[in-house]
Amino acid sequence: MRIPASAAIFFTITTSTLAQDPGATASSAVYGPRLEGFSYAHPVKVHRFTSQRQPIEMAYLDVPARGKANGKTVVLLHGKNFCAGTWEVTIDVLTTAGYRVIAPDQVGFCKSTKPQKYQILVSATDQ
């Protein structure tokens, strides 16, 4: 099943809210530096590696296709100040359509580590 670009844009625009614990209130929520108190709709995995001589942990979602898998994978990258959890609705649409979906929390954001003095844009030869 092909998803038209217009549908992908629509779902991207409509996924501006994050999945929160319905019982939590703004005053009672304690999220922590890596959003420990914030739940995503899908299980969070962690990829550990070293970059710029620092240990890094990149959190990500790896959501399998629901129903009949089509053998294709979609990678969803968030912008600044957003998280992989922002893609909840889009992930549900894509996995229902047979896609495996990977959505990382980029380094410095959300459930990934936030290293000091870390340059986000680095060429592969600088590692």
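User: Why is Trp-87 called buried?

Analyst: Its relative accessible area is 11%. Buried means under 20%, exposed over 50%, and partly exposed in between, with a 1.4 Å probe and protein chains only. Trp-87 at 11% therefore counts as buried. This is a predicted model, in which local features need pLDDT of at least 70, side-chain atom pairs count only at pLDDT 80 or more, and totals for chains, interfaces and linings use all residues. Residues are numbered from 1 along each chain as its sequence is written, and side-chain values use heavy atoms, leaving out hydrogens and water.

User: Where does Trp-87 lie?

Analyst: Trp-87 is in the loop between β3 (73–75) and α2 (88–96). Helices (H or I, at least four residues) and strands (E, at least two) are DSSP runs, numbered from the N terminus.

User: How many helices and strands does the protein chain have, and in what pattern?

Analyst: There are two helices and four strands. Along the sequence they follow α-β-β-β-α-β. Of the 127 residues in the protein chain, 31% are buried.

User: What makes Cys-83 and Cys-110 a disulfide?

Analyst: The distance between their sulfur atoms is 1.9 Å. A disulfide is a pair of cysteine sulfur atoms within 2.5 Å, so the pair qualifies. A search of the whole structure finds one disulfide. The link of Cys-83 and Cys-110 is left-handed, with -85 degrees about the S-S bond. Cys-83 sits in the loop between β3 and α2, and Cys-110 in the segment after β4, so the pair ties together parts 27 residues apart in sequence.

User: Why do Cys-83 and Cys-110 count as buried?

Analyst: Cys-83 has 5% relative accessibility, and Cys-110 has 10%. Both values fall under the limit for buried, so both residues count as such.

User: How do you know that β1 and β2 pair?

Analyst: Eight bridges join β1 (residues 44–51) to β2 (residues 54–63). Two strands pair if DSSP finds at least two bridges between them, so eight are enough. The two strands run antiparallel. Phe-49 has Ile-56 in β2 as its bridge partner. β1 and β2 form a hairpin with two residues between them, and Gln-52 in the turn has a positive phi of about 55 degrees.

User: What makes the link between Asp-62 and Arg-100 a polar contact?

Analyst: Their side chains come to 2.7 Å. A polar contact is a pair of N or O atoms within 3.5 Å; within protein, one must be able to donate a hydrogen and the other to accept it, and residues adjacent in sequence count only if both atoms are side-chain atoms. The 2.7 Å distance is within that limit. Asp-62 is found in strand β2. Not counting residues up to four places away in sequence, Asp-62 touches Lys-45, Arg-100, Val-101 and Ile-102, where contact means heavy atoms within 4.5 Å.

User: Why does Ser-51 count as buried, and which side chain does its own join in a polar contact?

Analyst: Ser-51, in strand β1, has 4% relative accessibility, so it counts as buried. Its side chain joins that of Tyr-118 at 3.0 Å.

User: Which residues in the largest nonpolar core touch the most other members?

Analyst: A nonpolar core is a set of buried Ala, Val, Leu, Ile, Met, Phe, Trp, Tyr and Cys residues joined through side-chain atoms within 4.5 Å. The largest has 17 residues, and Leu-35, Tyr-40, Leu-61, Leu-76, Ile-91, Ala-103 and Cys-110 touch the most other members. β2, α2 and β4 are the elements that give two or more residues to this core. Tyr-40 has contacts, beyond four places in sequence, that include Leu-35, Leu-61, Cys-83 and Cys-110.
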